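Hi everyone, thanks for making time. I'll walk you through one structure today, a few strands and helices at a go. Have a look at it first, and then we'll start.

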Amino acid sequence: MPQQVKGVIARSKGAPTELVVINVPDPGPGEAVVTIQACGVCHTDLHYREGGIGEDFPYLLGHEAAGIVESVGEGVRDLQPGDYVILNWRAVCGSCRACKRGRPWYCFSTFNATQKMTLEDGTELSPALGIGAFIDKTLVAAGQCTKVDPAARPAAAGLLGCGVMAGIGAAINTGNVSRGDSVAVIGCGGVGSAAIAGSLLAGAAKIIAIDIDDNKLQTATQLGATHVINSTNVDPVEAMQQLTGGFGPDVVIDAVGRPETWKQAFYGRDLAGTLVLVGVPTPEMTVELPLLDVFGRGGSLKSSWYGDCLPERDFPMLINLYLQGRLPLDAFVTEEISVAQLEAAFDKMHRGQVLRSVVIFADAAGAAA
């Protein structure tokens, strides 16, 4: 029988979120029900609410979460009730052209739950990124559950489900930052700060943080930045090059995703350097460049999807680093809130006042017991 729990939906474009009763089906074949302990407030959820991703309202928001598996459906063999998991939106299929070529981090046919969660009147919900985790319990594909060490605090661990993984992966997986490299990160919000932390993990010798907010730049230094640039005061391209012997960084990560910041990254990097776009642009944005500049500067122009991560490989490894004190996930948790404070959290995020607000669910303590 379906369970009735409370969750947060966006009913229509631009409307305030609502806390409503939701029907969660028992898990079917290949599915799992997960009791949510904590869920980060991500820009993607705001994009869903504002209609920037699709028109499949109502949306069940939330996707950056950790919790406990409550039940599993038929055919699920590597997951069982009581497992502590981080939810991911890349449940690789194993059979698409990317998976068959040994590149599952590009999987083009990721799994989601087949059944739908619904409102009390039967209206089907569209879960954000196939997850929907601003809810007491959610239904997902079993492959969206990645088991990690239960010693990791849910508020911190859940952040690997999206933003922090996107930033760390942009540096380590997409940018291939390695020992001795110079790196610049444009935009020091949650994703950009994670890229800084990832660059530090990879052994970068010089890490340059670029933003227009001195408070964010201060936080960036705490996470590993060796130099900071406030781009309201100086030309960031010239400043990047001055800090790297006149050449430019080996890798520049654009965590903003605007044409002007992408061009700064393009021209600021070293010859044959790497540009990684991890900030998400909007559909109307365009970039125009002389083709000769693209040819003449060489190097790699990359986009990073979900940090090019493979959850079953990367989540446990990063949680182990966190538990060893080598990855400061707790530093990304600016505040812990209730679902009633979600709209205020969206406003703080929009204003750049937080790295992450994290919703803590009332049943979290009981689920962990």
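Predicted model: local features only at pLDDT ≥ 70, side-chain atom pairs only at ≥ 80, totals over all residues.

Okay, let's begin with a pair of residues: Val276 has Lys302 as its bridge partner in strand β16.

Strands β15 and β16 run parallel, and four bridges join them. How does the chain get from β15 to β16? It goes through helix α9, residues 291-297, in a right-handed β-α-β crossover.

Now stay with β15 and look to its other partner, β14. Here too we have four bridges, with β14, residues 251-254, and β15 running parallel. One of the pairings to look for is Val252 with Leu275 in β15. And the chain's path from β14 to β15 leads through helix α8, residues 259-268, again as a β-α-β crossover that is right-handed.

So what about the side chains of β15 itself? The strand covers residues 274-277, with Thr274 and Val276 pointing one way and Leu275 and Leu277 the other. As a general point, side chains in a regular strand alternate between the two faces of the sheet. Are these four buried or exposed? All of them are buried.

Back to α8 for a moment. Its buried residues are Pro259, Thr261, Trp262, Ala265, Phe266 and Gly268. And what do they pack against? Quite a list: β11, α7, β14, β15, α9 and β16. If you're turning the model on your screen, β11 is 182-186 and α7 is 236-242.

Next, the surface. Leu301 lies in β16, which spans residues 300-303. Together with Leu291 and Val294, Leu301 makes a nonpolar surface patch of about 270 Å².

Last stop, another part of the chain: Tyr59, in strand β4, residues 59-60. Why do we call Tyr59 buried? Because its relative accessibility is 3%, and the cut-off for buried is under 20%. Setting aside neighbours within four places in sequence, Tyr59 is in contact with Val8, Ile9, Ala10, Tyr48, Gly54 and Ser126.

Notes. Residues numbered from 1 in each chain as written. Heavy atoms only, no water. Patch = residues over 30% accessible without salt bridge, like charges linked within 9 Å, V, L, I, M, F, W, Y side chains within 5 Å. Areas by Shrake-Rupley, 256 points an atom, 1.4 Å probe, with all protein chains shown as cover. Salt bridge = Lys/Arg side-chain N within 4 Å of Asp/Glu carboxyl O. Helix = DSSP H or I, 4+ residues; strand = E, 2+ residues; numbered from the N terminus. Buried < 20%, exposed > 50% of the residue type's maximum accessible area, 1.4 Å probe, protein only. Pairing = 2+ DSSP bridges. Right-handed = clockwise from strand over helix to strand, strands pointing away. Contact = heavy atoms within 4.5 Å.
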